[in-house]
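My notes follow the structure.

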Amino acid sequence: MTHTVDTTNSPSARREDDAVQADAIESELDASARIPKRSGRASTSDVVVARTDVEWLGRYLLGTWADVRLGARELSARPDLQRIDGQTLDEHRARVSGQLKLLVEHGQVHRAFPESVGGADDHGGNIAGFEELVLADPSLQIKSGVQWGLFGAAVLHLGTEYHHKAFLPAIMSLEVPGAFAMTETGHGSDVAAIGTTATYDEATGEFVLHTPFRGAWKDYLGNAAVDGLAAVVFAQLVTKNVNHGVHAFYVPIRDAATGEFLPGVGGEDDGLKGGLNGIDNGRLHFDQVRVPRLNLLNRYGDVAEDGTYSSSIESPGRRFFTMLGTLVQGRVSLDGASVAAAKVALTIAITYGNERRQFTAGSDTDEEVLLDYQLHQKRLIPKLATTYAASFAHEQLLTKFDEVFSGRADTDDDRQDLETLAAALKPLSTWHALETLQEAREACGGAGFLAENRLVGLRADLDIYATFEGDNHVLLQLVAKRLLSDYSRRFAKADFGVLARYVVEQAADKTVNGSGLRSLAQTVADFGSTARSVGQLREASAQRQLLTDRVETMVGEVAAKLRPASKLSQKAAADLFNLHQTEIIEAARAHAELLQWEAFTEALEGSTGLTSGMDDGTRVVLTWLRDLFGLGLVEKHLAWYLMNGRLSPKRAQAVGLYTERLSARIRPHAQDLVRAFGYGPEHVRASIATGAEKARQTEARDYYRAARAAGTLPAPEKKPARSR
């Protein structure tokens, strides 16, 4: 009997196949530089030399509000605005409080306020400048955000002309530091269920604010523990024994002369936190505290002297979400600040990785630079690609925010688009910043754990970014509900309004063919050439299809699973929704990732990218970086693509090889790509990224070189010959 041995899956065959795939990918990447030149310069070759024009790219990354960002960076470079490590809690708080006054003196905090009270009505510029303060000290950034972005913005956006004239000048000048009292110990994300009440007393024409139980204390409030003299307090408005839902009230809380709480107001200090200890977070509670009727911030709901309630928005639910929507700038600014923190972390880690040497892998004398190791590249360079994607996405978000708040595009649909876009991007950027800071810390070894190199301090300070201004998972659930409402309005409350169509429809319009991804995947699987198949996956059209199809499929599957909800009781419908909550949030995350990829592609290939003056070499490098981000998302979700038949196992393997090769291609440009972020030593302030490590390595190499030349090195112990 003759036996046939199948050698196609033997180890040697697999190694040979891997080598063929690797060679094919390298050849395809070589070909990717042979692109049509836009510059019009005469050339004897059609091959573009991959390079990064750091100066041009730096200007491009600054975006629309470049001058504002540069001015804020200049301010953040001042030592008197920067954090001093090792200060006590009280010292750090006092320093940051004093720094707020410097911001006022330099006119850095008034851009978003109306010209009628001395502002500039520049909403996008205000956020752009605010984000850069994270370079100086995240505590300074967030405390200024509490004062002018939350407390002041609530008066601006929820109040009317009376409140603007009565309260904003003192808020803008810092004469009245204030707190934003929304969150309660017992209710954070579920603002509609807060327990504090504001009951109208017709006899006196006053609202009576009251905290009925311990869980209703206002908590985690910046400026509440020490500095705050007033607060915007969110409470259930009750008049004529009818609860009209959550409204905002301007409430004095301390005596300006003594610093003591006013009668009926009480509170506590939240004390030491995991980070952001330059901010005096605290708790507030109210025992029958009376404020004038006019202290109701009444843009969306008012109470007459006789207690009659009126509102221009009839639906209580829609009114509530409209009020909260005016405060979306907090999420917008956290998105941008998180991107900035990731940029700082990568500037530190990549600079260190380019200078730090470890192990004599390829030489008997010289140790290898860390960033030359494949694993080090895979740790940091994909995060660099994601940071670029997040940066371009943030620029789109900030532009949308400015359009809405300037009034240039301020319809209900525009506002809902903005809210959904912010709710989608803020989770991804804050999580990415934390992951990048941690990876950068580890990539820098013990040096990364030293406070002087900033990574651990930034990681601690940004930890809270994932849960304030909306817990990330709750925000993604909001995004998912709006995606589902487009698929079938039976599966979303009317309160969520019209679906924000910002990306879903755009992506559908850009899909390459109506037959969907299944035909593409089959074509890819049938290709005999790895270079042809994987090369196709590098095409923007294919990446768009893969990412868009994942969003549309996930939303469709969840919608189908929730379809019975319309016929169930409220409890059973809630249980069904809860059963699929993880899938719902994953669909929203996929949507947000698509947002970032589209933003990167628009910056590279869209009308702005085409007319921006980008040279051919930079375009090659950024295209590799975009492809690394896009294929990195496919690699991250390979299980989904395999289980849903979008990629064959062979092509899935090739995707992983491709991201490795792309990281290696980008590695020579990594330093230039972080230099383009535009942060100097005065912003980075980490010795391992400002020459100290390079000096140590140079000293060591010079020492051993001289010792070898002089013959003064001791002979190494002779190693025994290896057995054969």
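These entries go from the whole protein to single residues.

I am working from a predicted model, where local features need pLDDT of at least 70, side-chain atom pairs count only at pLDDT 80 or more, and totals for chains, interfaces and linings use all residues. Residues are numbered from 1 along each chain as its sequence is written, and side-chain values use heavy atoms, with hydrogens and water left out.

**Overall.** I counted 26 helices and 13 strands. These are DSSP runs (helices H or I, at least four residues; strands E, at least two), numbered from the N terminus. Of the 724 residues, 56% are buried, meaning under 20% relative accessible area (1.4 Å probe, protein chains only).

**Cores.** I then looked up nonpolar cores, sets of buried Ala, Val, Leu, Ile, Met, Phe, Trp, Tyr and Cys residues joined through side-chain atoms within 4.5 Å. The largest has 175 residues, and L384 and L673 are among those with the most contacts inside it. Another core lies apart from it, with 23 residues, including V289 and V303.

**L384.** I checked its contacts (heavy atoms within 4.5 Å). Leaving aside neighbours within four places in sequence, L384 touches L346, I350, A670, L673, V674 and F677.

**Helix α3.** In residues 66-76, I found A66, V68, R69, A72, R73, L75 and S76 buried. Their cover includes α2, α4, α5, α10 and α25.

**Strand β9.** V289 and V291 form the covered face of β9 (residues 289-292), while R290 and P292 form the uncovered one. β9 pairs with β3 (residues 206-210) in the antiparallel sense over four bridges; strands pair if DSSP finds at least two bridges between them. V291 is the bridge partner of F207.

Methods
Buried means under 20% relative accessible area, exposed over 50%, partly exposed in between (1.4 Å probe, protein chains only).
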